[in-house]
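This briefing concerns a protein chain with its ligands. Please look over the sequence and the structure before reading the notes that follow.

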Amino acid sequence: MNGAEDTLLDVADLSVRFPMARKSLFGERSYLHAVRGVSFVVRRGRTLGLVGESGSGKTTTAMAAIRLVEASGGAVRFEGQDLLALDGEAMRLARRHVQVIFQDPYSSLNPRERVGAIVREPLDLMGIGASSAEREERVRELFALVGLRPDQMALFPHQFSGGQRQRVSIARALATNPKLVVCDEPVSALDVAIQAQILNLLRRLQDEMGLSYLFISHDLGVVQFICDDVAVMYLGEIVELADRASLFSQPRHPYTAALIEAAPSLARRKSAGYRRGGMVKGDPPSPMSVPKGCAFASRCPRVADRCLEEKPELRPMGATLAACHFPLG
Ligand SMILES: Nc1ncnc2c1ncn2[C@@H]1O[C@H](COP(=O)(O)OP(=O)(O)OP(=O)(O)O)[C@@H](O)[C@H]1O
Ligand code: SF4
Ligand SMILES: [Mg+2]
């Protein structure tokens, strides 16, 4: 099944630009183009990965797709509903179906609240559960679901390890029984062994609850473990979109190939003395002045004259979409 009924979130031609301060009173307003014409689909019960180096627009894309950042163009459909057109009250109701898990649970969890209350808060805000006792019971269930003990409900965030704190934020995100969870680098701050535990937990929860994930990571090993489909972002655009197997076995875009080349293998990252992996050489252009041709041209080993003149559009190559004039065979 891969038709409309299989689609939970449909993002079309999404753009986000941030206005920059004017240099003078009558000067022209300039913009930072964080997301430029991005389209993708998140399927029901599946995981779409967004990968790319720092500043490529992963977080802004995800946040604009769920209206936590204002889009400057494009359309978003959630279960067929035009999300960007919903009024305040309708959007408040839709929020229940869409939750976020952040990289650093320490800064996203209120340090002065007990974690039981933190997990319970969305239930109170959304008026979920018939009574206070019912909500309390739901919090217990959520704790069990993420592998925490009920007596831990009375503790504060700082009394947990990083992995356990991430379990708390997962419990909180799942409190309203969402359909889509945006996971923004959820394991990047954790030790490798703990990363595996949290990723396994996310996979199990997906199976049990039929969750869809929009999963942001700069770590290809993590992406390979958890994602069904992968979108590679560069300077605010998707340059390659493919199912996991195609992407890793036959990358088409030179940037994807370079990312894979630079990524430490899963075997190496488990070995003693592993240090966080290499990145592609060089820096991307500024999102304040996007080049007219291919944005990757300044770093691409295959660059030719045409690349500097003509912007490559995403086009199909087998099961893959790639935006390159001279894709890899
Ligand atoms: N509120 C904002 N105002 C102005 N510029 C912003 C804002 N948020 C993000 N940006 C810029 O937009 C671009 C994309 O940023 P974004 O945080 O989406 O990238 P990212 O891929 O998530 O990076 P990272 O891996 O570091 O989290 C960057 O150039 C960033 O500086
Ligand atoms: S269009 Fe040209 S510069 Fe851009 S990725 Fe392809 S070969 Fe490289
Ligand atoms: Mg980010």
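How do the residues of the shell around ligand 1 divide into nonpolar, polar and charged? The model is predicted, and in it that shell holds four nonpolar, eight polar and one charged residues.

**Shell around ligand 1**
- Of the 13 residues around ligand 1, those that come nearest are Ala34, Ser54, Lys58, Thr59 and Thr60.
- Strand E2 (31–43) and helix H1 (58–65) each contribute at least two residues to this shell.
- Helix H1 gives the most to the shell around ligand 1, namely three residues.

**Overall fold**
- The protein chain has 12 helices and 12 strands.
- Its radius of gyration is 21 Å, close to the 20 Å that the globule rule gives for 329 residues, so the chain is as compact as a globular protein of that length.
- Along the principal axes, the C-alpha atoms of the protein chain fill a box of roughly 70 × 55 × 45 Å.
- Buried residues account for 38% of the 329 residues.
- Among contacts in the protein chain with a separation of 6 or more, 65% join residues 24 or more positions apart.

**Nonpolar core**
- The largest nonpolar core comprises 83 residues, and Ala171, Leu214 and Val232 touch the most other members.
- Not counting residues up to four places away in sequence, Leu214 touches Val42, Leu48, Leu50, Ala62, Leu180 and Val182.

**Helix H4 and Met126**
- The buried residues of helix H4 are Val115, Gly116, Ile118, Val119, Arg120 and Leu123.
- Helix H5 (132–145) and helix H6 (162–174) are among the elements that cover the buried residues of H4.
- Met126 lies in helix H4, which spans residues 115–126.
- Met126 counts as partly exposed because it has 15 C-beta neighbours inside 10 Å, whereas a buried residue needs 20 or more.
- Apart from its neighbours within four places in sequence, Met126 is in contact with Arg96 and Thr176.
- Met126 and Ala71 are 55 residues apart in sequence, and their C-alpha atoms are 25 Å apart in space.
- Gly127 follows H4 and has a positive phi, near 65°.

Notes
Residues numbered from 1 in each chain as written. Chains lettered and ligands numbered in written order. Predicted model: local features only at pLDDT ≥ 70, side-chain atom pairs only at ≥ 80, totals over all residues. Near = placed C-beta within 6 Å. Helix = DSSP H or I, 4+ residues; strand = E, 2+ residues; numbered from the N terminus. Nonpolar A, V, L, I, M, F, W, Y, C, P; charged D, E, K, R; others polar. Core = buried A, V, L, I, M, F, W, Y, C linked by C-beta atoms within 7 Å. Buried ≥ 20, exposed ≤ 12 C-beta atoms within 10 Å, placed from the backbone. Contact = placed C-beta atoms within 7 Å. Rg over C-alpha atoms; globule rule 2.2 N^0.38 Å.
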